Amino acid sequence: MRIHREGITILIVTFLLITAISIAFILFLPAIYAWPAVILLLILFGFIIWFFRNPPRNSLAHPLDIVAPVDGKVVVIEKTYEKEYLKREVIQVSIFMSPLNVHVCRYPLTGDVTYTKYHPGKFMVAFHPKSSELNERTSVAVQAENGAEVLFRQIAGAVARRIVLYAKLNDKATAGEEYGFIKFGSRLDIFLPTDTEILCKLGDKTKGATDIIARLKD
């Protein structure tokens, strides 16, 4: 299993701590208590390894396709006003990631990066309606070949308290390629032009870089 670079240090530190604690349990506790505790620690370590997995993904998207940027569940499809950058009415598609999902964030479309911004904030549960405006978050906009701009936003949740953003202004974005990472549960919002054809529905499970969730008009 391939491990994401954001997890390497955490896994090394966790492994050393678990090893030290396990040795202490075995030396100082009765076996009836020590070994169940060690097994629980190993299960926890296995979960952390699983969380930081980074499976290879290949996107076959058309230049106007919008691919799922993350693994998760579609929880919002609605018209709204995007006031940070686009400053117009858009269609918002939101995908919620549980701690069990792959948390690699991928570009949802191919084009030029025209905007990036990090916002410090709160850590409300990611499915809260106001989390998109109040939680720690990042925003990135990409302009597609037809001139349309799409904004997408990483949002930290009550558990996720570390957002990593690699995208930079004027970068070339390729649909399905990695642009960031969110640690331990979160949400990703995508803001699309109102004439975009939406190809997903509420409750759909998405696979990042693979599933086509919308298509821009020519």
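I call a residue buried under 20% relative accessible area and exposed over 50%, with partly exposed in between (1.4 Å probe, protein chains only). The model is predicted, so I take local features only at pLDDT of at least 70 and side-chain atom pairs only at pLDDT 80 or more, while totals for chains, interfaces and linings use all residues. I number residues from 1 along each chain as its sequence is written, and side-chain values use heavy atoms, with hydrogens and water left out.

**Entry: salt bridges**

I looked for a side-chain nitrogen of Lys or Arg within 4 Å of a carboxyl oxygen of Asp or Glu, which is what I call a salt bridge. I count eight salt bridges by this rule. For placing residues I use DSSP runs, numbered from the N terminus: helices are H or I with at least four residues, strands are E with at least two.

I checked Asp71 and Arg57. They form a salt bridge, with the closest N and O atoms 3.0 Å apart. Asp71 sits in the loop between strand 1 (65–67) and strand 2 (72–82), and Arg57 in the loop between helix 2 (31–51) and strand 1, so the pair ties together parts 14 residues apart in sequence. Both Asp71 and Arg57 are buried.

I went on to Arg153. Its salt bridge is with Glu82, and the closest N and O atoms are 3.0 Å apart. Arg153 belongs to strand 7 (residues 149–156) and Glu82 to strand 2, so this pair ties together parts that are 71 residues apart in sequence. Arg153 counts as buried at 5% relative accessibility. Glu82 is buried as well, at 3%.

I then looked at Arg187 and Asp189. This salt bridge has its closest N and O atoms 2.8 Å apart. Arg187 is buried at 3% relative accessibility, and Asp189 is buried with a relative accessible area of 0%. I also traced shared partners: salt bridges join Glu82, Glu84 and Arg153 into one network.

I asked how enclosed strand 3 (residues 88–97) is. Seven of its ten residues are buried, so strand 3 is largely enclosed by the rest of the structure.

I count two strands as paired if DSSP finds at least two bridges between them. Strand 2 and strand 3 pair antiparallel over nine bridges. Across this pairing I find Glu78 opposite Gln92 in strand 3. The hairpin of these strands has five residues between them, and there Lys87 takes a positive phi near 55 degrees.

Strand 3 is also joined to strand 11 (residues 186–192), antiparallel, by seven bridges. Here Ile95 has Leu188 of strand 11 as its bridge partner.

**Entry: positive phi in loops**

I noted Asn170, a residue other than glycine with a positive phi near 75 degrees. I find Asn170 in the loop between strand 8 (163–165) and strand 9 (172–173). Asn170 is exposed, at 62% relative accessibility.

Ala209 lies in the loop between strand 13 (205–206) and strand 14 (212–215). Ala209 is buried, at 0% relative accessibility.

**Entry: cysteines**

I searched the whole structure for disulfides, meaning cysteine sulfur pairs within 2.5 Å. I found zero. Cys105 is in no disulfide, and its nearest cysteine sulfur, that of Cys200, is 17 Å away. Cys105 is buried, with a relative accessible area of 0%. Cys200 is buried at 11%.
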